Amino acid sequence: MLNIGSYTFQSRLMLGTGKFEDFTIQKQAVDVSETEILTFAVRRMNIYEPNQPNFLEQLDVSKYTLLPNTAGAQTAEEAVRIAKLAKASGLCDMIKVEVIGDMKTLLPDPIETLKASEILLEEGFHVLTYTSDDVLLAKRLQALGVHAIMPGASPIGSGQGIINPLNLSFIIEQSDVPVIVDAGIGSPSDCAYAMELGADGVLLNTAVAGAKDPVKMAEAMKLAIEAGRLGYEAGRIPKKRYANASSPFEGIST
């Protein structure tokens, strides 16, 4: 089970709800993924216009925990304002803190991210913080008391997969809170790799929504996360430089 603050989940897959071709495909992908957490940008919600199209309208949101995010924020103040808007709308007391520092790479601003996380923790939010694979920043965030750390595998939407497994493994090793790999996932093998490294979960969107068959890809991601977690828990054999026979040579007649 995945424990985030006072919340408990069976699934370790978090799914974004944007970028799907239409609501029907989105619903089918969400259903087959068996995710329990749906994330979305608060700025894309028509919170005050219920008659406008809503990208969650095809989903029975009572079945899910909604994880609004502060995408679009470039300062801590913006992120806090967006988070408070989401909470006031009755969506959830969980928030994914996302403060972008560079609009070309879409990498997070470490200083503003740290500041926003601290303020929102003081406001009583369950804070899940999106960050780069900066090991020391992850350590600072944990010291603040965030409920989950969400390091990017690679730049958002790039599909490059895990480009720095060493740093990711350091973050996982030092963390006492869940580590959710977020951003840059491109294939099921990326999910399996993240889980084999010891990550507690994976959040993705583009890899599913942008696939030729989003529904099949959603199922593939689900299975990859399950397989990767089982592999991590089972404990892989150590890598060796030379061959090691599967059957012993002792007792073989010559």
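Biologist: Is F20 buried or exposed, and what is its relative accessible area?

Modeller: Buried means under 20% relative accessible area, exposed means over 50%, and partly exposed lies in between, with a 1.4 Å probe and protein chains only. F20 has a relative accessible area of 12%, so F20 is buried. This is a predicted model, in which local features need pLDDT of at least 70 and side-chain atom pairs count only at pLDDT 80 or more, whereas totals for chains, interfaces and linings use all residues. Residues are numbered from 1 along each chain as its sequence is written, and side-chain values use heavy atoms, with hydrogens and water left out.

Biologist: Where is the place of F20, and which residues does F20 touch, not counting those up to four places away in sequence?

Modeller: Helices (H or I, at least four residues) and strands (E, at least two) are DSSP runs, numbered from the N terminus. F20 sits in the loop between β3 (13-16) and α1 (23-33). Contact means heavy atoms within 4.5 Å, and, with residues up to four places away in sequence left out, F20 touches I25, Q26, A29, N205, V208, A209 and P214. By contrast, F20 and I180, 160 residues apart in sequence, are 22 Å apart in space from C-alpha to C-alpha.

Biologist: How many helices and strands does the chain have, and how does its radius of gyration stand against the globule rule?

Modeller: The chain has 8 helices and 10 strands. The radius of gyration is taken over C-alpha atoms, and the globule rule is 2.2 Å times the number of residues to the power 0.38. For 254 residues the rule gives 18 Å, and the chain's 20 Å is close to that, so the chain is as compact as a globular protein of that length. The C-alpha trace spans about 85 × 40 × 35 Å along its principal axes. Of the 254 residues, 47% are buried, and among contacts with a separation of 6 or more, 66% join residues 24 or more positions apart.

Biologist: How should I read the charged side chains, and how many salt bridges does the structure hold?

Modeller: Side chains of opposite charge can pair when their charged atoms come close. A salt bridge is a side-chain nitrogen of Lys or Arg within 4 Å of a carboxyl oxygen of Asp or Glu. The structure holds 7 salt bridges. One of them joins E123 and K84, whose closest N and O atoms are 3.5 Å apart. E123 lies in the loop between α3 (110-122) and β7 (126-131) and K84 in helix α2 (residues 76-88), so this pair ties together parts that are 39 residues apart in sequence. E123 is partly exposed at 39% relative accessibility, and K84 is partly exposed with a relative accessible area of 39%.

Biologist: Which parts of the chain does the salt bridge between D182 and K96 tie together?

Modeller: D182 and K96 meet at 2.7 Å, N to O. Strand β9 (residues 180-182) holds D182 and strand β6 (residues 94-97) holds K96, so the pair ties together parts that are 86 residues apart in sequence. D182 and K96 are both buried.

Biologist: What separates K115 and E112 along helix α3?

Modeller: K115 and E112 are 3 residues apart in helix α3, and so are separated by about one helical turn; their side chains form a salt bridge at 3.4 Å, N to O. K115 is partly exposed at 33% relative accessibility, whereas E112 is buried at 14%. Elsewhere, salt bridges that share partners join K96, E98 and D182 into one network.
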